[in-house]
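Here is a friendly walk through one protein model, written for someone who likes to keep the structure open while reading. Please take a look at it first.

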Amino acid sequence: MGVRRFLIVLAIAVVAFAAYWAITTTDSSILLGDSTPPTVHELDLPADAQRAEVTHVHDGDTLFIQPEGTTAREDELKVRLVGIDTPEVQPAVECFGAESRDALRQLLPDGSTVWFSFDVEPYDQYDRALLYLWNTDGTFINLELIEQGYAEAVRIGANDRYWPELKAAEDRASSEFLGRWGQC
């Protein structure tokens with residue numbers, strides 16, 4: 001009986017140690033279900049990236065965000081995704097306009113967290129913030145829309161921080177007839 005009792009105690013100790021090790025070496029957010037978005041540095045974003053909440057996606061390259069730390073309606077930013085252009089949805093829906101809008105809505109649903117960064121010229125002539133955006137997975141939204149064929153690459157003013165990557169993505173999508181390149 002002594003050996004059996006010893007083996008039971010040993011098994012309990014091994015299970016307890018394994019549980020302790022798993023808890024102390026696992027990210028607590030996984031165990032606790034913490035939905036706090038990762039920090040900028042965890043996503044390897046530009047050092048100047050700021051966090052915001054998506055309030056509404058208008059079309060494939062225009063949306064509204066509420067920067068972190070602000071709550072007033074007048075602090076909401078109307079955003080034009082810099083470096084890309086998508087087909088329009090108003091006044092008339094252009095070829096692949098609805099698909100482009102829906103793709104952006106899927107990448108950045110209302111209420112989702114987004115990180116944003118300005119380039120050289122922060123606003124356009126319509127007072128829209130010209131921004132590069134990343135979602136909580138670290139997906140570079142401007143680039144993703146081009147890679148999937150929802151947008152084309154365009155230079156807007158002096159804003160060209162990511163121009164080589166955006167243009168190369170357009171060339172690939174176009175040559176593979178992805179999205180708008182195969183439909184319009």
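A nonpolar core is a set of buried Ala, Val, Leu, Ile, Met, Phe, Trp, Tyr and Cys residues joined through side-chain atoms within 4.5 Å. Buried means under 20% relative accessible area, exposed means over 50%, and partly exposed lies in between (1.4 Å probe, protein chains only). What you see is a predicted model, in which local features need pLDDT of at least 70 and side-chain atom pairs count only at pLDDT 80 or more, while totals for chains, interfaces and linings use all residues. Residues are numbered from 1 along each chain as its sequence is written, and side-chain values use heavy atoms, leaving out hydrogens and water.

**The core**

The largest nonpolar core has 38 residues, and L63, I65, L81 and L133 touch the most other members. Two or more residues come from each of β1 (50-59), β2 (62-67), β3 (77-81), α4, β5 (113-123), β6 (129-135), α5 (141-147) and α6. Helices (H or I, at least four residues) and strands (E, at least two) are DSSP runs, numbered from the N terminus. The largest share of this core, 6 residues, is supplied by β6. Which residues does L63 touch, not counting residues up to four places away in sequence? The partners of L63 are V54, H56, V57, H58, L77, K78, V79, L81, L104, L108 and L133, where contact means heavy atoms within 4.5 Å.

**The barrel**

Here is how the strands are arranged. In the order β1-β2-β3-β6-β5, 5 strands close into a barrel with mixed pairing. On average, neighbouring strands of this sheet are turned by 55 degrees against each other, direction ignored. The helix α4 packs on the sheet and touches β1, β2, β3 and β6, and its direction makes about 150 degrees with that of β1. Axes are lines fitted to C-alpha atoms, for helices over the stretch in contact, and angles run from 0 to 180 degrees between N-to-C directions. Strands β1 and β5 run antiparallel and are joined by 4 bridges; two strands pair if DSSP finds at least two bridges between them. Q50 stands opposite F116 in β5.

**The disulfide**

There is 1 disulfide in the structure, that is, a pair of cysteine sulfur atoms within 2.5 Å. It joins C95 to C184, with an S to S distance of 2.0 Å. C95 lies in the loop between β4 (84-85) and α4 (97-107) and C184 in the segment after α7 (180-183), so the pair ties together parts that are 89 residues apart in sequence. The torsion about the S-S bond of C95 and C184 is about -90 degrees, which means that the disulfide is left-handed.

**Backbone points to check**

Most residues other than glycine have a negative phi, and most peptide bonds are trans. Q90 and P91 are joined by a cis peptide bond, with omega about 0 degrees, and P91 is in the loop between β4 and α4. F96 is in the loop between β4 and α4, while F177 lies in the loop between α6 (163-175) and α7. Neither is a glycine, yet each has a positive phi.

| Residue | Phi | Relative accessibility | Class |
|---|---|---|---|
| F96 | about 75 degrees | 12% | buried |
| F177 | about 55 degrees | 59% | exposed |

**Confidence**

The protein chain averages a pLDDT of 86, and 78% of the residues score at least 70; pLDDT is the predictor's confidence in each residue, from 0 to 100. Over residues 26-32 the pLDDT is below 50, and this stretch has 3 contacts in the model beyond near neighbours in sequence. Where pLDDT is low, the predicted coordinates should not be read in detail.
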